[in-house]
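The following exercises ask the reader to work from a sequence and its model. Each task is followed by a solution in steps.

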Amino acid sequence: MRQLSAVDTQFLNFETATNVANIAGLAILDGVLTRGDLLSLLAGRLHLAAPLRQRLAFVPFGLDHPYWVEEPRIDLDYHVRELGLPPPGDDEQLGEQVARLHARPLDRRRPLWEMYLIHGLVGDRMALYTKVHHAAVDGITGADVLASLLDTSPEPATASPVPAAGTQERISAGEMLAKGVAKAVANPANTVRFLVDAVPHLDEIPVVSQLPGAGLVSRVTRDLAGRLTGRDPAPALPRMTPPRTPFSGRISGHRRFAFTALSLADVKRVKNAFGVTVNDVVMTVCAGALRQWLIKHDALPGGPLIAGVPFSLRTMGNQSAGNQVTIMITQLATQVADPVERLLAVRDAMRVIKNRSSLAPAHWLQQVSDMMPSALTGLAARAAFDLFAGTAGPINVVISNVPGPQIPLYVSGARLLAYHPVSVITDISGGVNITVFSYDGSLDVGVIACREMVPDVWTITDHLRAALSELVLIVEEQ
């Protein structure tokens, strides 16, 4: 058994009929793959993917975070499904189907995942859509789950032997309740730890940074800490006030999903020409795409959009389960018309948050979550959503860049052509999420959006390709 962390639990707490915490991947495949192939593959490798074998066990009265317990019999017939697209089976039809599947919550009585084999794509392709609850995996561990099913050649590798079944650690409801009470008694220590470590960095915590006085308290405590330690205080962040956009506010329960691929070689050409990072180029391309979408809808704000940028806290070789992420906020320079000036502005903004994050307590998200008694975290999450849902929210959009393998991979002999992430949108993070996954010389992009706010989500992928082409053309003309 393994207990969920406070951050893991928050992904359960904020779910409502419209805010759903599924993260997923859409694999595009070349070759023949049957549902029987998938069932056989999973039966032989399920022991390599712990999040697919575990279900939730809740503590009585919600006094502590839930536990993951091994499900002794995984009903693969329930979890693995297949469907077909009607002709012509184009990408937009596939995106529409994925959007419907992604909006459906997972059954919390079972292991929190589903897999869909999708037939009928034009060009003799197939698709494999796999969704897992965010409480079970983050972007890195989600990719690890995928990797357990993949091979580096068309010939499937011999799976490692299934370990002998041992005696599963069990904990009774009474024991869970007793541990929960003990944690509640000790909770003031978590609050003190948070106040000492995180208060100087309130101005970089989404939601918290928008509260009245947060910037002042943060600045005063940083200056005081600097005088007491004799070190220069961390640099101040600009006040990041998100402008209102068509994708601000309370989202619906319906989704749109679009996907595309960008050339990693082109991104690196731009990176090398301007002395920036790959992530700077990705952020700038996203800024350019959102700028064009907002112009088309006569809704471009005079100031920059504010983006939430997730960062992994995993160190090399860290294979531990659960979520080990934090999120920083940055200005996206959508108000800058010139693409090169926009790139340099994004670079400078990213440097600021990197410099600050190197001085901040890396696990502030965990500390914020730990500070509150478990029984109240669900109420707090919903209260925060209610507070910001009617406003522009603490951020306008989430943009994430997840590194992946740069070699061809296969699923039971079918070649993986692309892997497009499908992420989360919420009332307080904005109605658009752009996630990028690098694979085999490509940046595979997935754009998930609220259907009512962004019905034309495929135009964003058009703008992404155009924004990169614009930068590449400038490099070629230099």
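**Exercise 1: A helix pair**

Val-281, Thr-284, Val-285, Cys-286, Gly-288, Ala-289, Gln-292, Trp-293 and Lys-296 in α9 meet Thr-459, Ile-460, His-463, Leu-464, Ala-467, Leu-468 and Leu-471 in α13, where contact means heavy atoms within 4.5 Å. The model is predicted: local features need pLDDT of at least 70 and side-chain atom pairs pLDDT 80 or more, whereas totals for chains, interfaces and linings use all residues. Residues are numbered from 1 along each chain as its sequence is written, and side-chain values use heavy atoms, with hydrogens and water left out.

Task: Describe the composition of this contact and state how the axes of α9 and α13 cross.

Solution.
1. The contact residues comprise 10 nonpolar, 5 polar and 1 charged. Here Ala, Val, Leu, Ile, Met, Phe, Trp, Tyr, Cys and Pro count as nonpolar, Asp, Glu, Lys and Arg as charged, and the others, Gly among them, as polar.
2. Helix α9 spans residues 278-296 and helix α13 residues 458-477; their axes come within 8 Å and cross at roughly 125°. Axes are lines fitted to C-alpha atoms, for helices over the stretch in contact, and angles run from 0 to 180 degrees between N-to-C directions.
3. The two helices are therefore oblique to each other. Angles under 35 degrees count as roughly parallel, over 145 as roughly antiparallel, 65 to 115 as roughly perpendicular and the rest as oblique.
4. The crossing of α9 and α13 is right-handed, that is, the near helix is turned clockwise from the far one by less than a right angle.

**Exercise 2: Burial**

Task: Determine what share of the chain is buried, and whether Cys-286 is buried or exposed.

Solution.
1. Buried means under 20% relative accessible area, exposed over 50%, and partly exposed in between (1.4 Å probe, protein chains only).
2. Of the 478 residues in the chain, 53% are buried.
3. Cys-286 has 2% relative accessibility, so this residue counts as buried; Cys-450, at 1%, is likewise buried.
4. In helix α1 (residues 6-13), 7 of the 8 residues are buried, so this helix is largely enclosed by the rest of the structure. Among them are Val-7, Phe-11 and Leu-12.
5. The chain has 13 helices and 15 strands; these are DSSP runs numbered from the N terminus, helices (H or I) of at least four residues and strands (E) of at least two.

**Exercise 3: The surroundings of Phe-259**

Task: Which residues does Phe-259 contact, leaving aside its neighbours within four places in sequence?

Solution.
1. Phe-259 lies in strand β8 (residues 255-263) and is buried at 7% relative accessibility.
2. Its contacts are Leu-26, Asp-91, Leu-94, Gly-95, His-420, Val-445, Trp-458 and Thr-461.
3. Although Gly-95 is 164 residues away along the chain, its C-alpha atom is 7.4 Å from that of Phe-259.

**Exercise 4: Backbone exceptions**

Task: Which peptide bond is cis, and where does Asp-124 lie?

Solution.
1. Most residues other than glycine have a negative phi, and most peptide bonds are trans.
2. The bond from Pro-87 to Pro-88 is cis, with omega near 5°. Pro-88 is in the loop between β5 (80-84) and α4 (91-102).
3. Asp-124, not a glycine, has a positive phi of about 55°. Asp-124 occupies the loop between β6 (113-121) and β7 (125-133) and is exposed at 70% relative accessibility.
4. Asp-440 also has a positive phi, of about 50°. Asp-440 is in the loop between β14 (432-439) and β15 (442-450) and is partly exposed, at 28%.
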